[in-house]
Amino acid sequence: MHQITTICILLLAITFQSLWADDAATMDAAIKNKREGTFSVARDTDFGPFDEEKIMPFEVEFSNPGGSMDLNTGIFTVPHPGYYLVLMHVYKNHENPNGPVVYLKVNDETILRADECCGEDLWDSASNSVILDLKKGDKVYLLLKRNRIASGSNVRETTFSGTFLF
């Protein structure tokens, strides 16, 4: 369901961007900016727990046409200024009692949080999303709280996505 919602939001953003473009050159620039400023990644293995907070790297790349998301570091470097839609989804499976507490950060500033830290049930997930006004060079990433774990699997429930809006 989360991925369907994400796809719908991204398609709406693309449609609105197209409507705002008033000539071919503007349209070409808008498409270039959209491609460079879009990413969607996931984990397919568990991450954590650690004795300290850690930036979450990713193993699976669904899309990253501009190469602005570094899978190894887990950091998205903003390629051009503007408004971005950023989404995160974290998962806890039955084998991991200390569910994830994850912070969305921009340049070390906490923007929001998603957590599934205290549920009694075996499988849980948490999501959050935001539209941010970002500057070129800003660093956007997910930070896992110490002693917590973000579950990963072959169906990739822990995801991080973003796209340039305008």
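The questions below ask how labels were assigned in this predicted model. Local features need pLDDT of at least 70 and side-chain atom pairs count only at pLDDT 80 or more, while totals for chains, interfaces and linings use all residues. Residues are numbered from 1 along each chain as its sequence is written, and side-chain values use heavy atoms, with hydrogens and water left out.

Q: Why is Ser161 called buried?
A: Buried means under 20% relative accessible area (1.4 Å probe, protein chains only), exposed over 50%, and partly exposed in between. Ser161 has 5% relative accessibility, so Ser161 counts as buried.

Q: Why is Phe166 called partly exposed?
A: The relative accessible area of Phe166 is 44%, which lies between the limits of 20% and 50%, so Phe166 is partly exposed.

Q: What makes the pair Ser161 and Ser40 a polar contact?
A: A polar contact is a pair of N or O atoms within 3.5 Å; within protein, one must be able to donate a hydrogen and the other to accept it, and residues adjacent in sequence count only if both atoms are side-chain atoms. The side chains of Ser161 and Ser40 make such a contact at 2.8 Å.

Q: How do you know that strands E7 and E10 pair?
A: Two strands (DSSP runs of at least two residues, numbered from the N terminus) pair if DSSP finds at least two bridges between them. E7 (residues 101-106) and E10 have five bridges, in the antiparallel sense; Tyr103 stands opposite Leu143 in E10.

Q: What makes strand E10 mostly covered?
A: Five of the six residues in E10 (residues 139-144) are buried.

Definitions and conventions. Helix = DSSP H or I, 4+ residues; strand = E, 2+ residues; numbered from the N terminus.
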